[in-house]
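Subject: Structure handover

Hi,

Here is the structure I promised to pass on.

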Amino acid sequence: MPRGLSREEWLHSLPRGLVAGFVKTDKEFQTKGQTSGTTATFVIIDGWTITVASVGDSRCILDAQGGAVSLLTVDHRLEENVEERERVTASGGEVGRLSVVGGAEIGPLRCWPGGLCLSRSIGDIDVGEFIVPVPYVKQVKLSNTGGRLIIASDGIWDALSSDTAAKCCRGLPAELAAKQVVKEALKTRGLKDDTTCVVVDIIPSDQTIRPLSPPKKMNKLKSLIFRKKTKDQPNKLTKQLSSAGMVEEIFEEGSAILSERLGNDSGSWRTSSSLFTCAICQAGLEPSEGTSVHVGSVFSSSSKPWEGPFLCSDCRDKKDAMEGKRPSGVKVL
């Protein structure tokens with residue numbers, strides 16, 4: 001992230017900074033020869049603004065006040081994501097099911113070599129660099145009534161829908177809510193995969209837990225008196241509930257192409273130092289060094305080789321491998 005930004009500039013720059021951070025982390029796995037890999041769901045909360053970056057299938061959902069449940073991540077599963085299947089095959093990977101004796105195919109779609117079910121992760125360098133670490137990023141702003149985040153691994157989501165996970169823990173404090181979600185998942189499916197859950201409540205400062213909103217009890221006399229009024233004003237009540245749980249979407253992008261995600265060196269990102277720094281690994285560049293992220297992208301609709309951001313030679317090689325323009329060159333012993 002650039003230094004010296006205002007709060008609004010920092011929030012605006014955050015999606016791009018997260019893309020660079022995920023790719024840099026993946027490069028560090030590669031440098032250290034780490035062949036294992038991981039999904040990642042990374043959440044930054046700044047006041048009422050939530051920014052989520054994710055690769056893989058560890059999901060984050062938002063349960064806003066009023067009962068509206070929304071996804072803040074996308075599952076990067078080859079079985080379910082047609083766009084990701086097309087990208088992997090265009091980059092040189094093969095997608096298919098596991099073949100067994102007799103030629104039968106079983107299980108979910110996987111990427112070969114390696115047999116990974118996901119199209120994006122950090123690490124997994126023995127599979128191939130068409131399994132990319134470029135995250136889906138979403139940024140939203142809550143109303144001042146707050147909301148609840150449920151962040152969990154695929155062992156939860158293979159057992160529970162987003163709505164079920166949210167409903168089963170409403171009214172509980174965050175720590176107990178997380179335990180309840182895990183309990184429900186185990187009851188439904190058993191322990192067949194990593195089953196981990198984190199719950200975070202984003203609430204007004206005068207509350208300690210998100211309260212349930214039970215209907216008010218009304219005696220028969222009041223019910224008769226107010227029946228006509230209640231019947232005549234359903235739209236107003238609906239609008240009030242909708243307003244209470246309103247969520248404003250600020251940013252959403254899921255492209256795997258770095259030239260589209262890192263954008264141009266403009267606005268808050270254009271600093272005297274940014275022209276001589278790799279946009280991913282932050283390595284210093286001599287004025288004659290560095291290659292524009294826009295050069296030669298086989299997926300980009302426009303090539304702007306004179307514009308930044310710029311990449312060092314290592315990060316340029318990484319970008320080329322992710323786009324299938326050369327073999328990854330990764331040797332796994």
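First, a word on naming: helices (H or I, at least four residues) and strands (E, at least two) are DSSP runs, numbered from the N terminus. On that basis the protein chain has nine helices and 14 strands. Please keep in mind that this is a predicted model, where local features need pLDDT of at least 70, side-chain atom pairs count only at pLDDT 80 or more, and totals for chains, interfaces and linings use all residues. Residues are numbered from 1 along each chain as its sequence is written, and side-chain values use heavy atoms, with hydrogens and water left out.

**The chain overall**

Of the 333 residues in the protein chain, 43% are buried. Buried here means under 20% relative accessible area, exposed means over 50%, and partly exposed is in between (1.4 Å probe, protein chains only). As for contacts (heavy atoms within 4.5 Å), take those in the protein chain with a separation of 6 or more: 66% of them come from residues 24 or more positions apart.

**H1 and H9**

How do H1 and H9 cross? The axes of H1 (residues 7–31) and H9 (residues 313–322) come within 12 Å, with a crossing angle of roughly 95°. That makes H1 roughly perpendicular to H9. The axes are lines fitted to C-alpha atoms, for helices over the stretch in contact, and angles run from 0 to 180 degrees between N-to-C directions. Angles under 35 degrees count as roughly parallel, over 145 as roughly antiparallel, 65 to 115 as roughly perpendicular and the rest as oblique.

On the H1 side, the contact is made by Val 23, Asp 26, Lys 27 and Gln 30, and on the H9 side by Asp 314, Cys 315 and Lys 318. These residues divide into two nonpolar, one polar and four charged.

H9 is largely enclosed by the rest of the structure, because seven of its 10 residues are buried. They are Cys 315, Arg 316, Lys 318, Lys 319, Asp 320, Ala 321 and Met 322. Their cover includes H1, H8, S13 (291–292) and S14 (310–311). After H9 comes Gly 324, with a positive phi near 75°.

H8 (residues 258–262) contains Ser 259, which is buried at a relative accessible area of 5%. Ser 259 and His 294 are 35 residues apart in sequence, yet 5.3 Å apart in space, C-alpha to C-alpha.

**H2**

Which residues of H2 (residues 82–90) are buried? They are Glu 84, Arg 87 and Val 88. These cover an arc of only 100° around the axis, which puts them on the same side of H2; the arc is that of the directions from the helix axis to the C-beta atoms. They pack against S6 (94–99) and S7 (105–112). Glu 86 and Ala 90 are exposed, on the face turned away from the buried side of H2. Just after H2, Gly 92 has a positive phi of about 110°.

**Two buried residues**

Thr 73 sits in the loop between S5 (69–71) and H2, and is buried at 5% relative accessibility. Leaving out residues up to four places away in sequence, Thr 73 touches Thr 41, Val 52, Ser 54, Ser 58, Arg 59, Cys 60 and Tyr 136. The Thr 73 side chain reaches the backbone nitrogen of Cys 60 at 3.1 Å.

Ile 61, in S4 (residues 59–64), is buried at 0% relative accessibility. The C-alpha atoms of Ile 61 and Ile 151 are 6.6 Å apart, although 90 residues separate them along the chain.

Where is the cis peptide bond? It joins Trp 112 and Pro 113, with omega about 5°, and Pro 113 is in the loop between S7 and S8 (122–123).

Two residues other than glycine also have a positive phi to look at. Asp 124 has phi near 55°; it lies in the loop between S8 and S9 (136–142) and is buried, with a relative accessible area of 11%. Gln 282 has phi of about 70°; it is in the loop between H8 and S13 and is partly exposed at 44% relative accessibility.

Cheers

Notes. Nonpolar A, V, L, I, M, F, W, Y, C, P; charged D, E, K, R; others polar. Polar contact = N/O pair within 3.5 Å; in protein donor to acceptor, adjacent residues only side chain to side chain.
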